Amino acid sequence: MSLVEPHVLSNIVVAVLLGGAVAAFAIARRSDLWSQAGRELIGRRPIAIGAIALFVSVAMLDSVAWVGGGGAAGNVLEQSRPRSVVDRMFAPDFKEKSYSAPLADIEFYGGADLSHPGSHLLGTDILGRDVLHLTLKGARVALLIGGLTSLIVIPLALLMGISAGYFGGRIDDIVFFVVSTLASIPTLLLLIALIMVLGHGPVQVCVAMGVTGWVGFCRIVRGETFKLRELDYVQAARALGVSEIGIILRHILPNLMHLVVITFVLLFSGLVLSEAILAYLGIGIDGSWGQMIDQARDELARDPIIWWNLVAASTALFALILSVNFVGDAVRDILDPKTLGEGE
Amino acid sequence: MRIADPAVTSPVIATFSKIAGLRDFSQRLQALRDESPEFAALRIDRQYEKAGSIEGVRLHGDFGLEIVLTEPYPQILYWFAMPFTTPVPWEAVAYYDGEEGRPFFKDHPVGCGPFEVSEFDKQSKIVMSRNANWYGVQHPEWKAPGTVYPSEGEAIDRRLGRLDPAYVGRSLPLLDRIELRLEKEHIPAFNKFLQGYYDASGIVHESFDKIVQEGGLSPEMAARGMKLEKSVDPDIYYIGFNMNDPVIGAPAGERGRKLRQSMSLAIDVVEFNRVFNNGRGVPAQSPIPPGIYGYEQPYRNPFRQLDLTRAQALLEAAGYSGGIDPETGKPLRLSFDLGDTSTAGRLRFQFFVDQWAKLGIDVEIAATNYNKFRQKVKEGAYQIFMWGWIADYPDPENFLFLLWGTMAQANSGGPNTANFDHPEFNRLFEEMKGLDNGPERLAIIHRIRSLLEEERPWIELYHRESYALYHSWMRNVKPAGLSLPAAKYVDIDPIERKRMRDAWNQPILWPAYAGFALVALIAIPGVVTFLRERQ
Amino acid sequence: MLAYIVRRTAYGFVVVLGVLLLLFALFFLYAEPIEMARRAVGEKAPPEVLEQWVVNHGYDKPTWWNSESPGDTMLVDHFRSMLTFDFGRSDADDSPILERIRAGMGPSLSLTLPIFTVGVLLGVGLSLFVAYFRETYIDRMGVVLCVLGMSLSILLYIIGGQFLIGKMLRWFPISGFDASPAVMLRFLALPVLVGLAEGLGGSIRFYRTVFIEETGRDYVRTARAKGCGDGRIMARHVLHNAMIPILTRVVVSIPFLFTGSLLLESFFGIPGLGSMMVDAIHGNDFATLRAMVYIGALLFIAAQILTDIAYTLVDPRVRLA
Amino acid sequence: MIGPVLRIDEVLTTFPAAGTRIPVVDHVSLEVHAGEVLALVGESGCGKSMTALSAMRLVPKPGRVESGNIQLCGRDVLALSVSEMRAMRGGEAAMIFQEPMTSLNPVQTVGAQVVEAIRLHERVSFVEARKRTIEMFDRVQIPDPEQRFGAYPHQLSGGLKQRVMIAMAAAMRPKLLIADEPTTALDVTIQAQILELLRELQRELGTAILLITHDLGVVNELADRIAVMYASRIVEQGERVDVLASARHPYTEGLLRSVPAAARRGEALHEIAGVVPSPSEWPAGCRFSTRCDRVESRCGDAVPTSTQVAPGHTVDCFVVADEVAQ
């Protein structure tokens with residue numbers, strides 16, 4: 001047993017993220033450019049941003065967990081498991097024996113009475129688990145896929161892209177070769193092969209997605225750095241004897257930040273959608289909406305049709321992606337309408 | 001001889017090596033091939049001839065074969081009934097050598113049945129068409145009687161109309177072509193059956209309730225003229241424990257045994273079948289499935305009846321009171337190792353985990369891909385697993401050897417993945433396997449059964465029940481498991497099929513028109529104003 | 001020109017070597033050959049058979065370096081077999097891979113080719129329509145619909161298409177494949193429809209952006225000022241200039257014509273290369289996967305070279321240096 | 001011909017923004033007579049180009065001409081059919097633009113683009129059109145015209161590209177040539193050459209020119225009359241001499257004083273306080289009132305109307321109107 005329990009770790013991560021968000025907010029407020037962009041964004045897409053905020057807060061609440069306080073009497077296992085805030089919104093024994101329709105009071109097949117009649121807002125799945133609960137928990141996985149992968153993609157792409165674009169020459173040749181090689185392999189296949197090698201699990205899937213995902217952004221960073229390097233004030237800084245690292249940190253990196261923000265938003269939806277495909281291939285992440293959809297797709301063949309599983313998971317997925325796409329469009333319009341051609 | 005040919009890499013060579021001299025022959029052949037390339041280039045029958053004969057196989061005239069075994073092994077008779085020992089003309093083997101555009105022999109089966117394989121696509125379909133050279137064909141020159149539809153049969157055949165006089169005397173086979181399709185997604189496949197694009201199908205469990213009600217066809221389906229056939233498969237699905245594991249296996253002694261017993265008592269397989277198999281499946285009491293010698297319908301395994309109170313008591317006795325592991329002070333943590341990462345599988349395994357959770361045991365699902373799983377098995381780094389076994393031949397030996405110490409994964413890499421190596425069991429098994437069916441054998445099987453009750457290397461789950469559906473236009477179907485000899489009697493009424501298919505598949509087109517109208521309605525005002533503005 | 005093509009191709013070849021090295025690392029460095037053998041031959045096989053399988057498939061050789069005979073390693077074998085297109089036999093069922101690829105190409109193409117051609121035509125056509133009505137509610141609705149379409153998972157398109165069009169409305173058979181052309185059309189209609197619907201949102205939006213960007217350019221104003229009509233401007237000026245981004249997008253998707261669509265093929269029971277890959281994934285069939293990934297990469301690299309050459313034909317500004 | 005070549009009367013052109021429509025050309029009236037050069041002057045973003053584009057009915061979407069009357073060669077531009085308007089453009093009235101770099105189609109040879117301009121209006125063979133194009137190239141002093149015919153825009157310098165643009169515009173001997181900042185993007189030496197060329201053409205072909213510029217030097221060089229725009233409105237209009245020598249509107253005065261001129265060597269360069277307000281910040285009444293050094297309280301209340309200060313010289317300013325009245 002490791003020293004740090006997973007739930008403690010995730011609590012720490014949440015704290016760090018919140019701290020980071022506050023810090024980022026404070027920094028952004030001081031900069032006119034960013035605070036103005038932020039205001040404009042909120043003005044343009046209030047609903048989409050609200051939806052994303054909702055998803056994020058659900059995911060956060062599902063990440064803050066602690067042991068104890070509840071659990072069925074006498075069941076040591078339930079009591080010893082960490083339960084998140086979202087879990088605590090549902091009773092620990094909020095389970096039926098099998099399917100029940102939304103708000104039903106008898107089991108869908110078999111017709112036995114439910115132990116929680118009329119209280120499963122979105123019904124239950126084949127194991128009798130509350131669908132609303134599962135759907136809410138999916139938010140955390142979706143954000144993990146998008147967030148963790150971006151944490152891999154963005155620094156990697158920045159490191160490689162800036163060094164290639166700034167130093168040029170040999171380094172550029174090598175980076176460009178690696179990028180061409182990775183880009184040549186069909187993404188989905190490379191992803192699958194990587195997951196086969198790395199194994200299953202959320203971290204492995206995110207790492208695999210990161211490895212396949214950084215290439216496109218790296219190209220953009222490389223091109224932009226190329227341009228920035230030639231700018232007068234960068235040349236001037238170099239003439240004044242500012243160190244290379246200093247120039248990169250002070251002049252290059254800040255001017256790439258808008259690209260980072262745009263890429264993050266655009267990357268996100270692609271990643272979450274790919275996970276759904278991976279789920280179909282049996283190599284997705286446990287508890288994701290993709291997995292729920294995959295589990296539920298055959299249930300449409302039942303009579304009467306079991307639709308709420310599929311609808312709940314796909315609506316949640318759709319709503320998140322849609323909001324992110326809408327916000328992404330707006331972010332691109334506001335921050336940089338030119339550099340990032342669509343679809344490339 | 002082909003089984004012994006190392007180039008064939010037959011998966012059953014170990015079994016047939018009980019034939020005296022087979023292995024010697026195999027080694028001689030390999031040695032000769034290694035020594036001289038000329039030998040390896042020889043025609044296959046010359047190679048076999050030169051390598052000498054197999055000691056334990058003697059010819060008796062044109063139709064007799066005497067085989068000597070190195071040890072008593074009555075089950076070999078079953079093996080001889082399997083496709084491995086189908087006679088094969090060496091000419092065909094020599095001809096299909098993969099050279100000059102000819103396929104390899106293994107990709108081009110040669111045989112003499114009423115149908116021949118005319119297309120074999122591993123991914124999607126097998127097409128069989130009437131074999132013009134079948135011995136049963138009424139050949140004008142041979143003047144042989146040919147094979148015709150029988151007029152006699154079992155009582156049940158008469159009752160189910162399989163002996164329709166309209167068919168009696170017609171020459172076989174009745175069909176020109178049979179297509180077996182492999183579909184990866186079972187729901188679309190089943191829907192296609194319902195729409196009449198397939199003549200026969202199994203039932204997917206999701207649509208079971210629509211098709212089958214109270215054990216028979218639902219009125220709607222019966223009205224369509226559909227027919228249903230049921231059978232129990234000779235197989236067993238089970239959860240196994242790695243008996244080498246220090247917590248859950250033999251090293252834990254009495255403590256481990258009680259833990260296994262407790263966990264076995266917590267699994268409600270009836271509920272499992274209800275949730276996942278629409279109640280199909282016979283709850284297993286021992287490794288031996290129905291239809292196999294040694295299966296006794298009334299027998300109930302005391303540790304395979306759901307009894308949470310007793311399970312908790314046993315857990316307490318094992319020292320894990322309320323599921324708490326005294327070493328850590330936390331619930332006992334075990335891992336359920338799987339080589340299946342599909343989401344459908346995930347739900348099934350979650351079911352078991354939920355049941356053990358009721359005892360307070362914390363079982364973690366460790367689903368990896370198959371290779372990783374095999375690796376874990378090889379390294380012995382696994383605790384609980386789930387597996388199934390389908391009979392190769394109808395003998396209890398074929399099931400019980402899965403627990404034989406000699407076959408243990410850890411000892412020999414054999415299929416005894418539970419690594420169950422119990423001296424008493426081994427002795428009983430070795431005694432049982434050489435015996436013919438009879439009271440003596442049954443008595444040993446009873447002793448094995450009660451030994452397994454106590455030891456619990458497995459939690460026996462269920463034996464599958466399969467249901468098959470046929471459309472009304474498919475005639476003379478008699479279920480015969482996997483074997484196909486009955487296919488020559490089957491007939492299809494293509495006119496009826498066409499009629500029904502068309503009737504069931506009337507497209508509903510109005511939404512398309514409505515959609516177009518809607519798009520037009522929305523777009524037209526915009527286009528009109530736009531064009532007007534331009535002027 | 002020729003020198004450029006030669007140099008570009010040479011670089012492409014270097015990238016191919018890089019891809020091969022990566023594939024080798026991916027597929028050979030972690031899988032235990034003996035376990036692959038067990039999976040392929042069957043649980044019931046005795047050890048000597050497994051070993052024989054490993055030898056037959058060449059997985060018993062030293063991985064990187066063989067001091068006795070340097071040419072006899074898995075690495076060398078890997079490069080040799082890939083570069084000569086001698087893919088050997090599948091790890092799962094011992095079928096010859098190249099033959100299966102040949103057999104699967106037809107069904108894959110019969111699915112992807114209509115999706116590709118109709119998709120490009122429809123995408124360009126509809127986006128022209130939307131771009132023409134820009135800043136009207138038709139354009140705004142079009143964009144919103146595109147984003148909606150892009151936000152749906154392909155799984156939902158397939159499930160929805162099969163359920164709604166196949167099962168409820170019964171327009172087309174739910175799935176299946178038939179090699180005879182007349183029947184094939186009926187079977188392919190639904191997957192093609194689903195494939196089109198899935199890709200259309202993204203491509204319309206992409207082409208629309210391209211067209212709007214191009215129509216906003218100064219030379220269009222010039223053309224207008226000299227009396228060009230809208231149709232002529234689109235056909236003679238905008239389309240030609242928009243060819244460059246369109247070409248990039250179109251050519252890059254050509255490899256997928258051959259590798260097929262993983263999900264569509266397996267859901268609709270089309271025995272193409274896509275479903276072959278899904279099988280290979282489920283069956284841990286590395287030999288097949290490796291061959292398919294390699295072919296996919298090869299086609300992609302070839303397509304890139306073609307794109308670069310095509311640029312020089314379309315855009316006079318690109319000089320061959 | 002009777003009447004002006006171009007007559008713009010109370011034209012209002014708007015763009016949608018934030019729920020309302022913002023005027024970019026706000027009730028502007030002006031006339032260009034045959035053979036004369038009218039310079040439309042003002043800071044960037046004051047609506048000069050939009051006025052010109054309105055005249056050609058080329059206002060980019062989503063902007064549109066809301067009201068007013070535009071007469072081009074005696075025909076009502078706003079009432080013409082699409083195809084009639086198309087025939088006007090390039091035929092009766094041609095236009096050249098500020099950015100020769102981007103105003104030519106990069107993937108077509110410059111010759112083909114001029115040929116297209118000719119063949120759009122006249123049914124002539126390609127060979128004939130090519131001949132005329134090369135003549136035109138020669139006329140606008142493109143060296144080596146035969147060879148330049150097949151060149152792509154990126155192969156030509158900025159000056160040459162602008163010459164091609166002029167050749168294209170002049171190919172059909174239009175009655176009106178609208179030149180939208182034709183020299184802004186060019187080097188000073190090239191600027192002079194291009195201006196010279198325009199003047200020659202005007203003289204030879206008798207073309208009226210509507211010259212849009214913010215460069216008063218250019219105006220001095222070429223214009224016969226001047227119209228000064230500020231914030232979508234015309235504030236002062238008159239003969240070149242009148243406006244340059246005795247500007248009356250405070251904005252025009254400011255503009256003139258901010259030009260470095262030999263006459264006022266030694267004086268500090270004037271600067272108009274503040275920046276041009278964006279349309280959302282336009283004050284009610286006189287739009288210059290926020291920056292005007294002669295502002296009075298009434299300036300914020302109502303829009304000043306035109307006052308004639310000399311024959312053909314009008315100014316929109318309350319203060320000036322009072323001075324004149326006195």
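This is a predicted model: local features need pLDDT of at least 70, side-chain atom pairs count only at pLDDT 80 or more; totals for chains, interfaces and linings use all residues.

Chain B brings 53 residues to the contact and chain C brings 56 residues.

What about polar links? Nine residue pairs, both partners at pLDDT 80 or more, are in polar contact between chain B and chain C, while the count of salt bridges between these chains is zero.

## The chain B side

Several elements of chain B each supply at least two residues of the side that touches chain C, among them helix 1 (13-16), helix 15 (370-379) and strand 16 (384-390). The largest share, nine residues, comes from helix 21 of chain B. Sorted by class, this side of chain B has 22 nonpolar, 15 polar and 16 charged residues.

## Aromatic pairs

Over all chains, a search of the whole structure finds 49 aromatic pairs. Take C:Phe87 and C:Tyr294: their ring centres are 6.2 Å apart and their planes stand at 75 degrees, so this pair is edge-to-face. C:Phe87 sits in the loop between helix 4 and helix 5 of chain C, and C:Tyr294 in helix 14 of chain C, so the pair ties together parts 207 residues apart in sequence. Both C:Phe87 and C:Tyr294 are buried.

Chain B has a cluster joined by ring pairs, whose members include B:Tyr237, B:Phe272, B:Phe336, B:Trp356 and B:Tyr462.

How values were computed
Residues are numbered from 1 along each chain as its sequence is written. Chains are lettered from A and ligands numbered from 1 in the order in which they are written. Side-chain values use heavy atoms; hydrogens and water are left out. Contact means heavy atoms within 4.5 Å. A salt bridge is a side-chain nitrogen of Lys or Arg within 4 Å of a carboxyl oxygen of Asp or Glu. A polar contact is a pair of N or O atoms within 3.5 Å; within protein, one must be able to donate a hydrogen and the other to accept it, and residues adjacent in sequence count only if both atoms are side-chain atoms. Helices (H or I, at least four residues) and strands (E, at least two) are DSSP runs, numbered from the N terminus. Ala, Val, Leu, Ile, Met, Phe, Trp, Tyr, Cys and Pro count as nonpolar, Asp, Glu, Lys and Arg as charged, and the others, Gly among them, as polar. Rings of Phe, Tyr and Trp (its six-membered ring) pair if their centres lie within 6.5 Å; planes under 30 degrees apart count as stacked, over 60 as edge-to-face and the rest as tilted. Buried means under 20% relative accessible area, exposed over 50%, partly exposed in between (1.4 Å probe, protein chains only).
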